[in-house]
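Good morning, and thank you for coming. Please look at the sequence and the model on the screen as I speak.

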Amino acid sequence: MRKVDAGKVALMPDLVRSVRLRRRGGRGLGRVECVWLRLVAGVYALTGQRSAALSAYRRLVALQPSNAFALVALAHLLAESGDVAGAIAAFRRRLELEPDGGEINFNLGYLLEKRGELAEAEARFREAVALQPKLDRAW
């Protein structure tokens, strides 16, 4: 994972405080706050704070279940953390929303293969190539 210079994320505490204050204010997180939460989650991920990033992406997916970006980010973090079942579930949810993802099918196939579900993994790899023929990793 890339490390980011701490000076480049000087606003991080203010962003987190802003999201927390909105949540404490008695109303749920709105559209703008979800954008902030996505930003905060991304900064956590970039600075190697995997647990905080996972928590933020889980919250974002709970608030916006159809947020394809958040689902993919969550799936990658879950996979990196060793939660293969959680990552598979997140990738599957993403494919339900937008079934045209060659890269998503490939990633799902990789995790299924890792878990020993070879027939479904092969089907996902074939789907990945069909959707995105130039996806080198799928060959």
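Let me begin with a definition: helices (H or I, at least four residues) and strands (E, at least two) are DSSP runs, numbered from the N terminus.

Next, a word on the source. This is a predicted model, in which local features need pLDDT of at least 70 and side-chain atom pairs count only at pLDDT 80 or more, while totals for chains, interfaces and linings use all residues. Residues are numbered from 1 along each chain as its sequence is written, and side-chain values use heavy atoms, with hydrogens and water left out.

How many helices and how many strands does the protein have? There are seven helices and zero strands. Read from the N terminus on, the order of elements is α-α-α-α-α-α-α.

Buried means under 20% relative accessible area, exposed means over 50%, and partly exposed lies in between, with a 1.4 Å probe and protein chains only. Of the 139 residues of the protein, 40% count as buried. Accessible areas come from the Shrake-Rupley method with a 1.4 Å probe, and for residues only the protein chains shown count as cover. The accessible surface of the protein comes to about 8,300 Å², and 54% of this belongs to carbon and sulfur atoms.

Let us return to tryptophan 36. Its relative accessibility is 34%, so tryptophan 36 counts as partly exposed. Together with Val32 and Leu39, Trp36 forms a nonpolar patch on the surface, and the three have about 270 Å² of accessible area together. Patches are made of residues with over 30% relative accessible area and no salt bridge; like charges are joined within 9 Å, and nonpolar side chains (Val, Leu, Ile, Met, Phe, Trp, Tyr) within 5 Å.

That brings me to charged side chains. Side chains of opposite charge can pair when their charged atoms come close. A salt bridge is a side-chain nitrogen of Lys or Arg within 4 Å of a carboxyl oxygen of Asp or Glu. The structure holds seven salt bridges, and I shall present some of them.

In helix 7 (residues 118–131), glutamate 120 and arginine 124 are four residues apart, so about one helical turn separates them. Their side chains meet in a salt bridge at 4.0 Å, N to O. Glutamate 120 is partly exposed at 27% relative accessible area, and arginine 124 is partly exposed at 24%. Arg92 joins Glu120 and Arg124 in a network of salt bridges.

Glutamate 122 and arginine 126 are also four residues apart in helix 7, and therefore about one helical turn separates them. Here the salt bridge is at 2.8 Å, N to O.

Another salt bridge joins the side chains of arginine 94 and glutamate 98, at 3.5 Å, N to O. Arginine 94 is buried, with a relative accessible area of 10%, while glutamate 98 is partly exposed at 35%.

Now to the aromatic rings. A pair of aromatic rings is described by the distance of the centres and the angle of the planes. Rings of Phe, Tyr and Trp (its six-membered ring) pair if their centres lie within 6.5 Å; planes under 30 degrees apart count as stacked, over 60 as edge-to-face and the rest as tilted. The structure holds two aromatic pairs. One of them is formed by phenylalanine 106 and phenylalanine 125, and it is tilted, at 5.4 Å centre to centre with 45° between the planes. This pair links distant parts of the chain, 19 residues apart: phenylalanine 106 lies in helix 6 (residues 102–114) and phenylalanine 125 in helix 7. Both phenylalanine 106 and phenylalanine 125 are buried.

My last topic is contact, which means heavy atoms within 4.5 Å. Asparagine 107 lies in helix 6 and is buried, with a relative accessible area of 11%. Leaving aside neighbours within four places in sequence, asparagine 107 is in contact with His76, Phe91 and Arg137. Serine 66, by comparison, sits in the loop between helix 3 (50–63) and helix 4 (68–80) and is exposed, at 52% relative accessibility. Not counting residues up to four places away in sequence, serine 66 touches Arg93 and Leu97.
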